[in-house]
Amino acid sequence: MRKELAGASAMETRPQEGRKGPPPRDVPPVVGLLLSMALMNALLYLCLDRLFISPRRSTEDPTRCPYGHFRMGPVSNCSPWLSCEQLRTEVRQMKRVGEGAVKRVFLSEWKERKVALSRLTRLEVRDDFLHGLRMLKSLQSEHVVTLLGYCEDDNSILTEYHPLGSLSSLEATLNLSKYRSTNTWQHRLQLALGYVAIIDFLHRSPLGTLVMCDSSDLPKTLSQYLLTANFSIVLNDLDALPLVNRSTGALVKCGHRELRGDFVAPEQLWPYGEDVPFHDDLMPAYDEKIDIWKIPDVSSFLLGHVEGSDMVRFHLFDIHKACKSQTPAERPTAQDVLDTYQKVLTLLRDTATSQTREML
């Protein structure tokens, strides 16, 4: 019995003897601190990755209506585009407020709201009218006037009405007493930034690279855009937006007539001199860089001649010089110009804020 107890006691003590060794050491505080910092950095990286990268995976604006629907005002619900029957029975045509080569525009009323009703001017340009309608349907976004309805049978399109009119009347609008407070370099640079954002949107549209062809001179270009009540810009006329397709080598030509003047890009001018009569078949095609050439001239108009506008022009000098390169391939992209405009706006705003704080 004593031998069995001695054997059991020996068996119980052997594992304890096997665990003999140096005593466990405590982890130094500095190591724990480093591990904590590494963990915090990892969590911070994941948060920043989610904040700055994840949203770019989706370009859809959740505040906009689905295709085939519209919203008038920020609080209204989405409604389907109005049909031919609704346009005929619910829309009351009032007075003509504009006319171009393709459309006549009438101030109209729908459910006690002002709307713009566009009608085809003549059947010879119906293809352009329908092209504009297709573009309007496909490009609905913050950059394009809101489509409310259409009727191909009646050659009519209904869009949101903007009482401030086109950019052609910008100076007259800003000279009104109620809008003089917005006649500043900050608001004007924001308008120029909005214009470049539209060009960038067209060049990277869901349909591909679109070129703004209705821009043979400054007044014509300005007439294509509307000024909204909150002083932003939307594209209104989409009748001439040809597609550049680099995969097939397809370029564009804006119209079939000879273009002249300094406003259009050099590649849009007849290249064979005055001794050779213009012929459309001999005119070389070009790409979207013709829109880049025109940005400095449009922006200069939008910036105007208010206090601070020359300072803005100084900061935009280099990018505008690049836009005016005689070689189209050397001109920046619309995205490059947009990024520069945004940097200049941020820089000048921060500078103005800092100076204001110093004066207080």
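Buried means under 20% relative accessible area, with exposed over 50% and partly exposed in between (1.4 Å probe, protein chains only). Helices (H or I, at least four residues) and strands (E, at least two) are DSSP runs, numbered from the N terminus. This is a predicted model, in which local features need pLDDT of at least 70 and side-chain atom pairs count only at pLDDT 80 or more, while totals for chains, interfaces and linings use all residues. Residues are numbered from 1 along each chain as its sequence is written, and side-chain values use heavy atoms, leaving out hydrogens and water.

**Whole protein**

- The secondary structure comes to 11 helices and 11 strands.
- The protein has 360 residues, and 38% of them are buried.
- Among contacts (heavy atoms within 4.5 Å) between residues at least 6 apart in sequence, 62% join residues at least 24 apart.
- The protein exposes about 22,100 Å², of which carbon and sulfur atoms supply 55%. Accessible areas come from the Shrake-Rupley method with a 1.4 Å probe; for residues, only the protein chains shown count as cover.

**The sheet**

- An open sheet of 5 strands runs in the order E3-E4-E5-E7-E6, with antiparallel pairing. Two strands pair if DSSP finds at least two bridges between them.
- Its edge strands are E3 (91-99) and E6 (147-151), each pairing on one side only.
- From one strand to the next, the twist averages 25°. Angles run from 0 to 180 degrees between N-to-C directions, with axes as lines fitted to C-alpha atoms, for helices over the stretch in contact.
- E3 pairs with E4 (residues 103-110) in the antiparallel sense over 7 bridges. Here Val-91 stands opposite Trp-110 in E4. A hairpin of 3 residues joins E3 to E4.
- E4 and E5 run antiparallel, joined by 8 bridges. Val-105 stands opposite Ser-118 in E5. Their hairpin has 2 residues between the strands, and Lys-111 takes a positive phi near 50° in it.
- E5 and E7 run antiparallel, with 5 bridges between them. Ser-118 has Ile-157 in E7 as its bridge partner.
- E6 and E7 run antiparallel, with 4 bridges between them. Tyr-150 stands opposite Ile-157 in E7. Their hairpin has 4 residues between the strands, and Asn-155 takes a positive phi near 55°.

**Helix H4**

- H4 (residues 126-138) packs on the sheet and touches E4, E5 (113-120), E6 and E7 (156-160). The direction of H4 makes about 40° with that of E7.
- H4 has 13 residues and reaches 18 Å from first C-alpha to last, close to the 18 Å expected at 1.5 Å a residue. The expected span of a helix is 1.5 Å times one less than its number of residues.
- The buried residues of H4 are Phe-129, Leu-130, His-131, Gly-132, Leu-133, Met-135, Leu-136 and Lys-137.

**Strand E7 and Ser-156**

- E7 is largely enclosed by the rest of the structure, because 4 of its 5 residues are buried.
- Ser-156 is found in E7. Ser-156 counts as buried, because its relative accessibility is 4%.
- Ser-156 touches Leu-87, Leu-117, Ser-118, Arg-119, Phe-129, Tyr-150 and Cys-151, not counting residues up to four places away in sequence.
- Ser-156 and Phe-129 lie 27 residues apart in sequence and 9.1 Å apart in space, C-alpha to C-alpha.

- A nonpolar core is a set of buried Ala, Val, Leu, Ile, Met, Phe, Trp, Tyr and Cys residues joined through side-chain atoms within 4.5 Å.
- The largest nonpolar core has 73 residues, and those touching the most other members are Leu-139, Leu-189, Tyr-195, Leu-202, Tyr-225 and Tyr-341. H6 gives the largest share of this core, 12 residues.
- Tyr-195 touches Tyr-225, Ile-233, Lys-294, Ile-295, Val-298 and Leu-302, not counting residues up to four places away in sequence.
- A second, separate core has 13 residues, including Val-244, Val-252, Val-264 and Tyr-286.
- H6 (residues 185-203) has 19 residues and reaches 27 Å from first C-alpha to last, close to the 27 Å expected at 1.5 Å a residue.
- H6 is mostly covered, with 15 of its 19 residues buried.
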